[in-house]
Amino acid sequence: MLLATFKLCAGSSYRHLRNMKGLRQQTIMAISQELSKRALGGPTPSTWINQVRRRSSLLSSCLEESLYSDQDMAYLRQGEEAMQKALGILGNQDGWKSETERSNGDKVLSKVVPDVGKVFRLEVVVDQPMERLYEELVERMEDMGDWNPNVKEIKVLQKIGKDTIITHETAAETPGNIVGPRDFVSVRCAKRRGSTCVLAGMATHFGDMPEQKGVIRAEHGPTCMVLRPVTGSPSKTKLTWLLSIDLKGWLPKAIINQVMSQTQMDFANHLRKRLISSSTSAISC
């Protein structure tokens, strides 16, 4: 029986069978049930059963991959690539220059990164626990247009696994229409590493969301937000936002620099107001 089960597993790995979801689910259930029967069949499992158990994590990984199409796997890899690149940029402390800083400690830094271009780094401390920021920025991402005037709409186009999504974001026009209508299609992933949460993303292609008439398709990435509790003050959160955008079209660098740094500062203000407002509403209820 177990031999037949593993043949079923092998069959589910072939490209022409990957889209047969029923077969993949049947494979996973069959292997799980068969290993359980073998393990419970006697007081001491045989050597080869122990070997299978020791390799169960690898088997689970292979089975998980078989649940996704080639395109989905490409999105997952792209999301991970965005996270690694963005964290690599943030981890390099050399070359950052101040763009603007406020009396409350909020500041925007920038530097030019080879093969990426100019990137901007917002650093702020928010008087709310990390879970509240995660809830607002990840779980309620599609509501961002309700409280951030720089965002007209964010729509989740597809969810892949528990950490990765494809989004379409429409940016609001800037005052005086200095920067015309822009939209973005991005792959985003959110992961926790100990007490730190990382939200990363970059531009991607999604066949069901072609370029819109009258709107310039700009590109994100690599970009990320890092959330971590302030040392000694777990009710506060240090937020670092790495912003990298190619706005496309013809725009003077001076305008781009002004728009990017102002966008990040505005975001911090609007986020604080949103968190205070939602907390007040929750208390009232």
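Let's start with a definition: a residue is exposed when its relative accessible area is over 50%, buried when that area is under 20%, and partly exposed in between, using a 1.4 Å probe and protein chains only. Take Asp115: its relative accessibility is 86%, so Asp115 counts as exposed. Asp115 sits in the loop between β2 (107-113) and β3. Its phi is positive, about 70°, although Asp115 is not a glycine.

Now, a word on what we are looking at. This is a predicted model, in which local features need pLDDT of at least 70 and side-chain atom pairs count only at pLDDT 80 or more, while totals for chains, interfaces and linings use all residues. Residues are numbered from 1 along each chain as its sequence is written, and side-chain values use heavy atoms, with hydrogens and water left out.

The overall picture next. The protein has 8 helices and 12 strands. Helices (H or I, at least four residues) and strands (E, at least two) are DSSP runs, numbered from the N terminus. There are 285 residues, and 41% of them count as buried. The accessible surface comes to about 16100 Å², with 52% of that belonging to carbon and sulfur atoms. Those areas come from the Shrake-Rupley method with a 1.4 Å probe; for residues, only the protein chains shown count as cover.

What about contacts? A contact means heavy atoms within 4.5 Å. Look at contacts with a separation of 6 or more: residues 24 or more positions apart account for 57% of them.

On to the inside. A nonpolar core is a set of buried Ala, Val, Leu, Ile, Met, Phe, Trp, Tyr and Cys residues joined through side-chain atoms within 4.5 Å. The largest one here has 33 residues. Which of them touch the most other members? Leu122, Leu137, Leu199, Leu227, Leu239, Phe267 and Leu271 do. Several elements each supply at least two residues of this core, including β3 (117-126), α6 (130-139), β4 (151-160) and β11 (233-243). Helix α8 gives the largest share, 7 residues. Pick out Leu227. Beyond four places in sequence, its contacts include Met130, Tyr134, Cys197 and Lys238.

Aromatic rings now. A search of the whole structure finds 3 aromatic pairs. Rings of Phe, Tyr and Trp (its six-membered ring) pair if their centres lie within 6.5 Å; planes under 30 degrees apart count as stacked, over 60 as edge-to-face, and the rest as tilted. Why is the pair of Trp147 and Phe267 tilted? Because their planes lie at 45°, with the ring centres 6.0 Å apart. This pair links distant parts of the chain: Trp147 is in helix α7, Phe267 in helix α8, and they are 120 residues apart. Both Trp147 and Phe267 are buried. Together with Trp241, they form one aromatic cluster.

Rings can also have charges over them. That requires NZ of Lys or CZ of Arg within 6 Å of the ring centre and within 35 degrees of the ring normal. The charged end of Arg121 sits over the ring of Trp96, 5.1 Å from its centre. Arg192 does this with Tyr134, at 4.4 Å from the ring centre.

Next, Glu169. Is Glu169 buried or exposed? Its relative accessible area is 11%, so Glu169 is buried. Find Glu169 in strand β5 (residues 164-171). Its side chain makes a polar contact with the side chain of Arg188, at 3.0 Å. A polar contact is a pair of N or O atoms within 3.5 Å; within protein, one must be able to donate a hydrogen and the other to accept it, and residues adjacent in sequence count only if both atoms are side-chain atoms. Glu169 also touches Val151, Phe184 and His220, among others.

Arg188 comes up again with Gly201. The two are 13 residues apart in sequence and 4.1 Å apart in space, C-alpha to C-alpha. Gly201 is in strand β7. At 3% relative accessibility, Gly201 counts as buried. Among the residues that Gly201 touches are Gly221 and Pro222. The peptide bond from Gly221 to Pro222 is cis, with omega near -5°. Pro222 itself lies in the loop between β9 (219-220) and β10.

Last stop, His205. His205 is in the loop between β7 and β8 (216-217). Its relative accessible area is 63%, so His205 is exposed. The C-alpha atoms of His205 and Tyr75 are separated by 9.4 Å, though these residues are 130 apart along the chain.
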